[in-house]
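Subject: Structure handover

Hello,

Please find the structure below. My notes on it follow.

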Amino acid sequence: MRYDAGEVITAMVTPFNEKREVDYDKVEALAYQLANTGSDAILVTGTTGEAPTLTYDEEIEILCSAKRAVNRQAKVIMGTGSNSTETAVKTAKMAEKEGADAILSVVPYYNKPSQNGMIEHFSAVAEAVDLPVILYNIPSRTGVNMSAETVKTLARKHENIVALKQSFGDMDAVTEIKSICPHDFAIYSGDDSLTLPMLSLGAHGVISVASHLFSKEIKSMIRNFKTGDAQTAKNMHLKLYPIFKKLFMAPNPVPVKAALAYREIIDDYVRRPLVELTAAEKAELFFVLDSI
(Lines give C-alpha, C1' and ligand atoms only; values in the text may rest on other atoms or scores of the structure.)
Protein backbone atom coordinates (compact mmCIF):
# COMPACT_ATOMS: atom_id res chain seq x y z
CA MET A 1 0.00 0.00 0.00
CA ARG A 2 1.59 3.26 -1.10
CA TYR A 3 0.32 6.17 0.97
CA ASP A 4 1.39 9.79 1.01
CA ALA A 5 0.13 11.93 3.88
CA GLY A 6 2.06 14.90 2.54
CA GLU A 7 5.24 16.61 3.61
CA VAL A 8 3.97 18.77 6.49
CA ILE A 9 1.77 17.06 9.05
CA THR A 10 0.81 19.21 12.01
CA ALA A 11 0.61 17.40 15.34
CA MET A 12 -2.36 19.44 16.54
CA VAL A 13 -2.89 20.63 20.09
CA THR A 14 -6.21 20.01 21.83
CA PRO A 15 -7.75 23.36 22.83
CA PHE A 16 -9.25 23.51 26.32
CA ASN A 17 -11.42 26.14 28.02
CA GLU A 18 -10.84 27.62 31.48
CA LYS A 19 -12.39 24.50 33.04
CA ARG A 20 -9.91 22.44 31.05
CA GLU A 21 -12.72 20.86 29.08
CA VAL A 22 -12.17 20.24 25.37
CA ASP A 23 -13.27 23.32 23.42
CA TYR A 24 -14.69 21.66 20.32
CA ASP A 25 -15.44 24.96 18.60
CA LYS A 26 -11.75 25.83 18.81
CA VAL A 27 -10.81 22.31 17.73
CA GLU A 28 -12.75 22.92 14.53
CA ALA A 29 -11.44 26.44 14.07
CA LEU A 30 -7.82 25.38 14.55
CA ALA A 31 -8.15 22.35 12.28
CA TYR A 32 -9.72 24.54 9.58
CA GLN A 33 -6.94 27.13 9.92
CA LEU A 34 -4.19 24.51 9.69
CA ALA A 35 -5.77 22.89 6.63
CA ASN A 36 -5.85 26.28 4.92
CA THR A 37 -2.38 27.52 5.83
CA GLY A 38 -0.08 24.84 4.51
CA SER A 39 -0.60 21.64 6.50
CA ASP A 40 -1.02 18.63 4.23
CA ALA A 41 -2.43 16.59 7.10
CA ILE A 42 -3.42 17.05 10.72
CA LEU A 43 -2.61 14.60 13.46
CA VAL A 44 -5.09 14.65 16.35
CA THR A 45 -4.90 12.96 19.77
CA GLY A 46 -1.14 12.53 19.66
CA THR A 47 1.46 13.61 22.20
CA THR A 48 0.94 17.26 21.26
CA GLY A 49 -2.81 16.71 21.60
CA GLU A 50 -2.34 15.62 25.24
CA ALA A 51 -3.75 12.18 24.46
CA PRO A 52 -2.73 10.70 27.85
CA THR A 53 -5.28 12.96 29.55
CA LEU A 54 -8.12 12.55 27.04
CA THR A 55 -11.04 10.20 27.54
CA TYR A 56 -12.05 7.72 24.87
CA ASP A 57 -15.20 9.73 24.08
CA GLU A 58 -13.21 12.96 23.84
CA GLU A 59 -10.81 11.36 21.35
CA ILE A 60 -13.70 10.27 19.13
CA GLU A 61 -15.30 13.72 19.17
CA ILE A 62 -11.98 15.47 18.49
CA LEU A 63 -11.45 13.27 15.42
CA CYS A 64 -14.98 13.92 14.18
CA SER A 65 -14.68 17.66 14.81
CA ALA A 66 -11.42 17.89 12.89
CA LYS A 67 -12.84 15.87 10.00
CA ARG A 68 -15.83 18.19 9.75
CA ALA A 69 -13.63 21.26 9.84
CA VAL A 70 -11.10 20.31 7.18
CA ASN A 71 -13.78 19.02 4.80
CA ARG A 72 -11.23 16.98 2.80
CA GLN A 73 -8.84 19.90 2.38
CA ALA A 74 -6.29 17.98 4.45
CA LYS A 75 -5.99 14.43 5.68
CA VAL A 76 -6.80 13.73 9.34
CA ILE A 77 -4.61 11.19 11.09
CA MET A 78 -5.47 9.91 14.56
CA GLY A 79 -3.02 8.96 17.28
CA THR A 80 -4.25 5.58 18.50
CA GLY A 81 -1.24 4.23 20.36
CA SER A 82 -1.29 2.60 23.77
CA ASN A 83 1.00 0.57 25.98
CA SER A 84 -1.77 -2.06 25.92
CA THR A 85 -1.99 -3.94 22.64
CA GLU A 86 -5.68 -4.64 23.20
CA THR A 87 -6.40 -0.93 23.71
CA ALA A 88 -4.29 0.07 20.70
CA VAL A 89 -6.25 -2.36 18.52
CA LYS A 90 -9.59 -1.16 19.87
CA THR A 91 -8.71 2.50 19.28
CA ALA A 92 -7.40 1.78 15.78
CA LYS A 93 -10.68 0.10 14.88
CA MET A 94 -12.60 3.07 16.25
CA ALA A 95 -10.48 5.48 14.19
CA GLU A 96 -11.23 3.49 11.06
CA LYS A 97 -14.96 3.42 11.84
CA GLU A 98 -15.04 7.19 12.40
CA GLY A 99 -13.29 8.01 9.14
CA ALA A 100 -9.65 8.68 10.02
CA ASP A 101 -7.42 8.74 6.96
CA ALA A 102 -4.57 6.98 8.76
CA ILE A 103 -3.39 6.19 12.28
CA LEU A 104 -0.21 6.89 14.23
CA SER A 105 0.76 4.15 16.67
CA VAL A 106 3.50 4.70 19.24
CA VAL A 107 5.97 2.16 20.61
CA PRO A 108 4.36 0.88 23.84
CA TYR A 109 5.54 3.05 26.72
CA TYR A 110 6.37 2.05 30.31
CA ASN A 111 6.21 -1.70 29.52
CA LYS A 112 9.56 -1.49 27.67
CA PRO A 113 8.81 -4.38 25.28
CA SER A 114 11.49 -6.33 23.44
CA GLN A 115 11.87 -5.95 19.67
CA ASN A 116 9.83 -9.14 19.23
CA GLY A 117 7.18 -7.68 21.51
CA MET A 118 7.03 -4.57 19.33
CA ILE A 119 6.61 -6.72 16.22
CA GLU A 120 3.72 -8.60 17.81
CA HIS A 121 2.13 -5.36 19.07
CA PHE A 122 2.24 -3.50 15.76
CA SER A 123 1.29 -6.62 13.79
CA ALA A 124 -1.89 -6.89 15.87
CA VAL A 125 -2.70 -3.24 15.11
CA ALA A 126 -1.96 -3.53 11.39
CA GLU A 127 -3.99 -6.71 11.04
CA ALA A 128 -7.00 -5.16 12.80
CA VAL A 129 -7.55 -2.35 10.26
CA ASP A 130 -7.20 -1.53 6.59
CA LEU A 131 -5.98 1.99 7.36
CA PRO A 132 -2.41 3.14 6.67
CA VAL A 133 -0.35 2.81 9.86
CA ILE A 134 2.46 5.21 10.78
CA LEU A 135 4.83 3.83 13.42
CA TYR A 136 6.03 6.27 16.08
CA ASN A 137 9.46 5.87 17.69
CA ILE A 138 10.17 8.26 20.56
CA PRO A 139 12.55 6.63 23.06
CA SER A 140 12.63 9.68 25.34
CA ARG A 141 8.97 9.06 26.21
CA THR A 142 8.67 5.30 25.79
CA GLY A 143 11.89 4.22 27.47
CA VAL A 144 12.85 1.88 24.63
CA ASN A 145 14.08 2.31 21.06
CA MET A 146 12.62 0.52 18.04
CA SER A 147 15.48 -0.81 15.94
CA ALA A 148 15.89 -0.38 12.21
CA GLU A 149 15.57 -4.16 11.80
CA THR A 150 12.20 -4.10 13.59
CA VAL A 151 10.97 -1.30 11.35
CA LYS A 152 12.10 -3.29 8.30
CA THR A 153 10.37 -6.44 9.51
CA LEU A 154 7.09 -4.61 10.09
CA ALA A 155 7.24 -2.66 6.83
CA ARG A 156 7.85 -5.83 4.81
CA LYS A 157 5.33 -7.96 6.74
CA HIS A 158 2.36 -5.55 6.58
CA GLU A 159 1.64 -3.53 3.46
CA ASN A 160 -0.44 -1.03 5.45
CA ILE A 161 2.52 -0.12 7.69
CA VAL A 162 3.62 2.71 5.44
CA ALA A 163 5.70 5.19 7.42
CA LEU A 164 7.68 6.00 10.54
CA LYS A 165 7.70 9.08 12.72
CA GLN A 166 11.26 9.12 14.07
CA SER A 167 11.67 11.36 17.13
CA PHE A 168 15.23 10.33 17.81
CA GLY A 169 18.28 12.24 16.65
CA ASP A 170 20.30 9.24 15.51
CA MET A 171 21.15 9.89 11.88
CA ASP A 172 22.80 6.48 11.53
CA ALA A 173 19.46 4.89 12.41
CA VAL A 174 17.70 7.00 9.77
CA THR A 175 20.31 5.96 7.21
CA GLU A 176 19.87 2.29 8.09
CA ILE A 177 16.07 2.46 8.01
CA LYS A 178 16.17 4.17 4.63
CA SER A 179 18.59 1.61 3.21
CA ILE A 180 16.81 -1.57 4.36
CA CYS A 181 13.10 -0.69 4.18
CA PRO A 182 10.96 -0.71 1.01
CA HIS A 183 11.73 2.25 -1.23
CA ASP A 184 8.27 3.76 -0.76
CA PHE A 185 8.32 3.48 3.03
CA ALA A 186 8.22 7.09 4.30
CA ILE A 187 10.24 8.52 7.16
CA TYR A 188 8.99 11.63 8.94
CA SER A 189 11.07 13.69 11.31
CA GLY A 190 9.33 13.90 14.67
CA ASP A 191 11.41 16.91 15.74
CA ASP A 192 11.28 20.17 13.81
CA SER A 193 14.98 20.87 14.33
CA LEU A 194 15.88 17.51 12.76
CA THR A 195 13.78 17.90 9.61
CA LEU A 196 16.49 19.25 7.33
CA PRO A 197 19.16 16.75 8.45
CA MET A 198 16.69 13.89 7.95
CA LEU A 199 15.67 15.20 4.53
CA SER A 200 19.31 14.89 3.48
CA LEU A 201 19.05 11.16 4.26
CA GLY A 202 15.83 10.66 2.34
CA ALA A 203 13.09 11.53 4.84
CA HIS A 204 9.79 12.54 3.26
CA GLY A 205 8.75 15.34 5.62
CA VAL A 206 7.92 16.26 9.20
CA ILE A 207 5.24 15.67 11.78
CA SER A 208 5.58 19.11 13.21
CA VAL A 209 4.75 21.26 16.22
CA ALA A 210 6.13 24.51 14.80
CA SER A 211 3.82 24.20 11.78
CA HIS A 212 1.01 25.51 13.98
CA LEU A 213 2.73 28.86 13.41
CA PHE A 214 5.12 28.46 10.47
CA SER A 215 3.70 25.80 8.18
CA LYS A 216 4.30 27.76 4.97
CA GLU A 217 7.92 28.40 5.91
CA ILE A 218 8.48 24.73 6.78
CA LYS A 219 6.84 23.61 3.54
CA SER A 220 9.06 26.07 1.65
CA MET A 221 12.16 24.65 3.34
CA ILE A 222 11.21 21.10 2.35
CA ARG A 223 10.27 22.05 -1.21
CA ASN A 224 13.49 24.01 -1.72
CA PHE A 225 15.61 21.13 -0.46
CA LYS A 226 13.85 18.58 -2.64
CA THR A 227 14.15 20.74 -5.75
CA GLY A 228 17.88 21.21 -5.28
CA ASP A 229 18.10 24.59 -3.55
CA ALA A 230 19.84 23.36 -0.42
CA GLN A 231 21.21 26.78 0.48
CA THR A 232 17.77 28.40 0.64
CA ALA A 233 16.50 25.44 2.64
CA LYS A 234 19.40 25.79 5.06
CA ASN A 235 18.75 29.51 5.45
CA MET A 236 15.12 28.83 6.38
CA HIS A 237 16.20 26.13 8.83
CA LEU A 238 18.59 28.56 10.49
CA LYS A 239 15.89 31.24 10.62
CA LEU A 240 13.38 28.92 12.29
CA TYR A 241 15.86 27.06 14.50
CA PRO A 242 15.45 29.38 17.54
CA ILE A 243 11.68 28.83 17.64
CA PHE A 244 12.11 25.11 16.97
CA LYS A 245 14.10 24.93 20.21
CA LYS A 246 11.96 27.32 22.27
CA LEU A 247 8.82 25.32 21.52
CA PHE A 248 10.44 22.56 23.59
CA MET A 249 11.67 24.75 26.46
CA ALA A 250 9.02 22.99 28.58
CA PRO A 251 7.14 19.73 28.05
CA ASN A 252 5.26 19.67 24.75
CA PRO A 253 2.62 21.09 24.13
CA VAL A 254 2.93 23.71 26.87
CA PRO A 255 5.06 26.20 24.87
CA VAL A 256 3.15 25.90 21.59
CA LYS A 257 -0.15 26.43 23.40
CA ALA A 258 1.29 29.57 24.97
CA ALA A 259 2.43 30.75 21.53
CA LEU A 260 -0.99 30.07 20.01
CA ALA A 261 -2.68 31.96 22.85
CA TYR A 262 -0.25 34.85 22.28
CA ARG A 263 -1.45 34.88 18.67
CA GLU A 264 -5.08 34.78 19.97
CA ILE A 265 -5.84 31.46 18.27
CA ILE A 266 -6.66 29.31 21.31
CA ASP A 267 -6.68 29.73 25.09
CA ASP A 268 -3.61 28.91 27.12
CA TYR A 269 -4.76 25.89 29.14
CA VAL A 270 -3.20 22.46 29.55
CA ARG A 271 -4.37 19.51 31.61
CA ARG A 272 -2.59 18.40 34.73
CA PRO A 273 0.02 17.16 35.37
CA LEU A 274 1.22 19.70 32.78
CA VAL A 275 1.26 23.33 33.88
CA GLU A 276 1.27 26.57 31.91
CA LEU A 277 4.46 28.56 31.37
CA THR A 278 5.45 31.13 33.95
CA ALA A 279 5.36 34.82 33.02
CA ALA A 280 9.14 34.85 32.66
CA GLU A 281 9.08 31.79 30.41
CA LYS A 282 6.36 33.34 28.26
CA ALA A 283 8.37 36.53 27.86
CA GLU A 284 11.36 34.48 26.70
CA LEU A 285 9.24 32.50 24.23
CA PHE A 286 7.39 35.49 22.84
CA PHE A 287 10.63 37.41 22.31
CA VAL A 288 11.89 34.65 20.03
CA LEU A 289 8.48 34.30 18.35
CA ASP A 290 8.37 38.00 17.53
CA SER A 291 11.88 37.92 16.13
CA ILE A 292 11.18 35.34 13.42
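I begin with the pockets. H2, helix H3 (85-97), strand S4 (102-106) and helix H5 (139-142) each supply at least two residues of the lining of the largest pocket. Helices (H or I, at least four residues) and strands (E, at least two) are DSSP runs, numbered from the N terminus. The model is predicted, so local features need pLDDT of at least 70 and side-chain atom pairs count only at pLDDT 80 or more, while totals for chains, interfaces and linings use all residues. Residues are numbered from 1 along each chain as its sequence is written, and side-chain values use heavy atoms, with hydrogens and water left out.

The volume of the largest pocket is about 670 Å³. Its lining has 29 residues, and those closest to the centre are Thr47, Ala51, Pro52, Gly81 and Tyr109. By class, this lining has 14 nonpolar, 12 polar and 3 charged residues. Here Ala, Val, Leu, Ile, Met, Phe, Trp, Tyr, Cys and Pro count as nonpolar, Asp, Glu, Lys and Arg as charged, and the others, Gly among them, as polar.

The second largest pocket has a volume of about 240 Å³. It is lined by 18 residues, of which Ile138, Ser140, Arg141, Asp191 and Phe248 are the closest to its centre. H5 gives the most to this lining, with 3 residues. The classes in the lining of the second largest pocket are 9 nonpolar, 6 polar and 3 charged.

On terms: the search runs on a 1 Å grid over the protein atoms alone, and a pocket is an open set of points where a 1.4 Å probe fits, with protein on both sides within 12 Å along at least five of seven lines; lining residues have an atom within 4 Å of a point. Grid points are joined across faces, edges and corners, and a volume is the space filled by probe spheres set on the points.

Next, the helix pairs. Helix H1 (residues 24-35) packs against helix H2 (residues 56-70) at an angle of about 45°, with the axes 8 Å apart. Axes are lines fitted to C-alpha atoms, for helices over the stretch in contact, and angles run from 0 to 180 degrees between N-to-C directions. H1 and H2 are therefore oblique to each other; angles under 35 degrees count as roughly parallel, over 145 as roughly antiparallel, 65 to 115 as roughly perpendicular and the rest as oblique. The crossing of H1 and H2 is right-handed, that is, the near helix is turned clockwise from the far one by less than a right angle, anticlockwise being left-handed. In H1, Tyr24, Val27, Glu28, Ala31, Tyr32 and Ala35 meet residues of H2 including Glu58, Glu61, Ile62 and Ser65, where contact means heavy atoms within 4.5 Å. This contact has 9 nonpolar, 1 polar and 4 charged residues.

Helix H4 (residues 115-128) and helix H6 (residues 148-157) have axes that come within 10 Å and cross at roughly 25°. That makes H4 roughly parallel to H6. Their crossing is right-handed. Gln115, Met118, Ile119, Phe122 and Ser123 of H4 make the contact with Thr150, Thr153, Leu154 and Lys157 of H6. By class there are 4 nonpolar, 4 polar and 1 charged residues in the contact of H4 with H6.

Helix H9 (residues 211-226) and helix H10 (residues 230-246) pack at about 150°, with axes 8 Å apart, and H9 passes H10 in a left-handed crossing. Among the contact residues are Phe214, Ile218 and Met221 of H9 and Met236, Leu240 and Phe244 of H10. The contact of H9 with H10 divides into 10 nonpolar, 3 polar and 1 charged.

Last, the backbone. The peptide bond from Asn252 to Pro253 is cis, with omega near 10°, and Pro253 lies in the loop between H10 and helix H11 (254-262). The bond from Arg272 to Pro273 is also cis, with omega near 20°; Pro273 is in the loop between H11 and helix H12 (279-291). Arg20, in the loop between strand S1 (8-11) and H1, has phi near 60°, a positive value in a residue other than glycine.

Regards
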